[in-house]
Amino acid sequence: MSATSAIKAQELTHLQRLEAESIHVMREVAAEFRNPVMLYSIGKDSSVMLHLAKKAFYPSPPPFPLLHVDTTWKFREMIAFRDQAARDARMDLIVHTNQDGVKQGVTPFTHGSSVYTNIMKTDALKEALTKYGFDAAFGGARRDEEKSRAKERIFSFRTENHGWDPKNQRPELWNLYNARVRKGESIRAFPLSNWTELDIWQYILKEDIPIVPLYFAAKRPVVERDGMLIMVDDERLPLAPGESPEMRLIRFRTLGCYPLTAAMESPAASLPEIVHEMLIARTSERSGRLIDHDEAGSMEKKKREGYF
Amino acid sequence: MDNFDPAAFAEYLSRQERKDLLRFLTCGSVDDGKSTLIGRLLYDTKLLFEDQLATLQKDSAKHGTVGEDIDFALLVDGLEAEREQGITIDVAYRFFATEKRKFIVADTPGHEQYTRNMATGASNADLAVILIDARKGVLTQTRRHSYIASLLGIKNVVLAINKIDLVGYSKDVFDQILADYGEFAHELAFESIQPIPMSARFGDNVTQRGESLGWYDGPTLLEHIETVDVRSSEAERPLRFPVQWVNRPNLDFRGYSGTIASGTVSVGEELVVAASGRTSTVKSIVTFDGEKNHAVAGEAVTLTLADEVDISRGDLLCDASERPEVADQFSAHLIWMHDDALVPGRNYLFKVGTKTVSGSVTEIKYNVDVNSFQHLAAKQVELNEVSVVNLSFREPIAFDAYADNPATGGFIVIDRLSNLTVGAGMIDFALRRAANIHWQAVDLDKHRRGDAMGQRPAAIWFTGLSGAGKSTVANLVEKRLFALGKHTYLLDGDNVRHGLNRDLGFTEADRVENIRRVAETARLFVDAGVIVLCSFISPFRSERQLARDLLEPGEFVEVFVDTPLHVAEKRDPKGLYKKAREGRIKNFTGIDSPYEAPERAEVTLAGGMAAPEDLADQVVDYLREHGYI
């Protein structure tokens, strides 16, 4: 054995282990699938996933494109950030919007958050995956986010209709992932499965990963609805009679469609401050997303139907 | 926000960085309280957020099974069906941390029908918390889960004797269960067993001492898992680097990306490609964050080598002085995970590390009774059964015994048709000890190619009159060989005359040239490792001798389809005899040109006397008896 055997595996830190595990998953996907794609939602988890992809294949650029499902209701800062991130990573960016939904005038206000999400996110995603014939799609979901996610495999099988059958998942032992699918079927691969929200923030801090400025506190125009602070990102947000946006010092813990993503009041304007704030937070991350609030099983239902 | 203190924060971060990670699973029978225990751990370590707690209280009122109290099980049973039925179906992964460690816990189902999910959770765990309901004692599931945990290499066990409150916090009950467990556990390969009496529901001995358990002076569960030493010996084992992906951004860079499964690697170190025996030295260890001088087990890196060596995904790079074995037949433990029983002889895919090979179970040696650990004679392996089997792979792979190195000795079994993961296994040893002789680096040749295909390449040369049935029999033989997983190709007048030999007519010179080209083509196929079937009238001994001479002894198998002229003429499938008799075709074999019957054909078939299927069987039998297949 070599003289360096005194170096213990134990010296790898928690984050180094998570990083290596994620890279392993990404390389398995790249090696085993014909046509993989990385779902890029522009949020902090996507930023970490993209950063890990750059690491996994260096010095090559990641051997797959990025796919962004654009509902047309993303924060403007997110879109600018997205385009820059793809350029920096030397990756192709596919932007897909459900044109039917746009034609029918589907918005979070006219159709309610549930129908809107279904058409502009879930349907749009399925449409894009089918259109380009992707047989594997990376997602940035983590098991600590939500209960049905906690049950999901790292290589999660999807039927031809992009459905998930949670009761009948393939056993997944060690780091041996079953990548076999028939034509039309696919795998959703979740390289961040074992990361927690705190891990994500610590890693962003340690690696100095760029994230959308909306995560940092700034004075922004908001309206308060049902105890949630909604940012007025453009003139499309319908204001109730008597409602007028006010400038408040806010930031976002999670980013989605601006009318569906609640901000929090916070003075945390730097990464260390954000992470510090995280440590004393007593509200779980997804509570900033309006779509999870219906009932406890709502995420599972959405996932069965093809949501990420 | 609280006052932000950068110095204190930096201190906090560095403390976080130094924490290590323990992965464990909870298992045991149904209703032993696994999910409740994890919920209690999350609650007591303050990992629950306020909104999660609110949801939990709402769910407890709707589905809860503990009256007005919070039902912690609902916290982890994430699937709708699970909450409705009050059971755990699939593994749930939970995350929590204390000042000392970070934890990932896999909560696994207790029902026997979901044993495969328990095995899934166990495969990545360093420690198993096995729950026992104090009222019920050691059950079959306790033994099954203990056995599987041990089989998968878990060395450290916590025996959580739960619901101790329901037996009056009795020390006698605790001692009795401990004695019962010890009776069978000594047969398992655990290094440490920590028994803890507890009540997950009331929190006794989970994170805090139980007031009613004064007679117990051991650690609480949390104390134990915070301090137990589960350091793996991965880094001290010999280097194993399964190549995942060949990294070729441009012509000047060729790297091999992968995760170091065990050992360490340094620049300048000599490595060997286990299967081919080729060696080279590490030129650089490349990462996004810069080049490194060495790297250790667990790291995902890209290696470049000093020499041009043929390496692809699935190859195992190793310490040249401590090589793994290379073999194609193994004895292994197998856990079956599908409703359809294992079928010996059926072709499955086996994924070992980054290598996927086809192969089959050649023999079920015995199944293991998980209750008594006795060996049971068995003809099949059903869902959730554990079996010891012999395996045969289509090609040799580099491996270590699972006990020595799980990363290079564990495998999953994939059904080729459904693509489902139907089993998981652990290699114990190679069946042919001779395989322990490492491959020496040699150039690829037909023998190695043939070995890789599981066959001895040869040209099977069918000769006989037109209409004798050569192509019919050759086709049947090819189908049978294909069904056996052999690599074959059929050359006959039809596919040669239209392409390769399109420029040739039927003069004698052209007919000789025709056979020469066919023989040369057959030789190339044999060199490629293929069994090539050639179906040509080839009436002249000299022509057939020419073909035989092009090949090495043993590579030319002459099959004489000896069908009498009158039978062949009566069949006349293409109407050629009729034309020849009418003089419209000249030099037709058997009519106005001779057929020189072979004098020493390897196989002679009595054409016209037996069904073509029987004739094909005779050829296949010959190939089997003479070691071609």
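**Why these labels?**

Me: α2(A) and α6(A) cross in a left-handed way. What makes a crossing left-handed?

Reply: A crossing gets that name if the near helix is turned anticlockwise from the far one by less than a right angle; clockwise makes it right-handed. One note before we go on: this is a predicted model, in which local features need pLDDT of at least 70, side-chain atom pairs count only at pLDDT 80 or more, and totals for chains, interfaces and linings use all residues. Residues are numbered from 1 along each chain as its sequence is written, while chains are lettered from A and ligands numbered from 1 in the order in which they are written.

Me: Why are α2(A) and α6(A) called oblique to each other?

Reply: Their axes cross at roughly 55° and come within 10 Å. Axes here are lines fitted to C-alpha atoms, for helices over the stretch in contact, with angles from 0 to 180 degrees between N-to-C directions. Under 35 degrees counts as roughly parallel, over 145 as roughly antiparallel, 65 to 115 as roughly perpendicular, and the rest as oblique. The pair α2(A) and α6(A) is therefore oblique.

Me: Which residues make that contact between α2(A) and α6(A)?

Reply: K44(A), D45(A), V48(A) and H51(A) come from α2(A), and I200(A), Y203(A), I204(A) and E207(A) from α6(A). Contact requires C-beta atoms, placed from the backbone, within 7 Å. These residues divide into 4 nonpolar, 1 polar and 3 charged. In that count, Ala, Val, Leu, Ile, Met, Phe, Trp, Tyr, Cys and Pro are nonpolar, Asp, Glu, Lys and Arg are charged, and the others, Gly among them, are polar.

Me: Why does H51(A) count as buried?

Reply: Buried needs 20 or more other C-beta atoms within 10 Å of the residue's own; 12 or fewer is exposed, and in between is partly exposed. H51(A) has 21 such neighbours, so H51(A) is buried. Skipping residues up to four places away in sequence, H51(A) touches E207(A) and I209(A).

Me: What makes something a nonpolar core?

Reply: A nonpolar core is a set of buried Ala, Val, Leu, Ile, Met, Phe, Trp, Tyr and Cys residues joined through C-beta atoms within 7 Å. The largest has 194 residues, and M38(A), A122(B), A128(B), A160(B) and I161(B) have the most contacts inside it. Helix α1 (residues 14-32) of chain A supplies the largest share, 8 residues. A second, separate core of 39 residues includes F525(B) and L623(B).

Me: How do you know that α2(B) is mostly covered?

Reply: Of the 11 residues in α2(B) (residues 34-44), 9 are buried, including L37(B), I38(B) and Y43(B).

Note on methods. Helix = DSSP H or I, 4+ residues; strand = E, 2+ residues; numbered from the N terminus. Contact = placed C-beta atoms within 7 Å.
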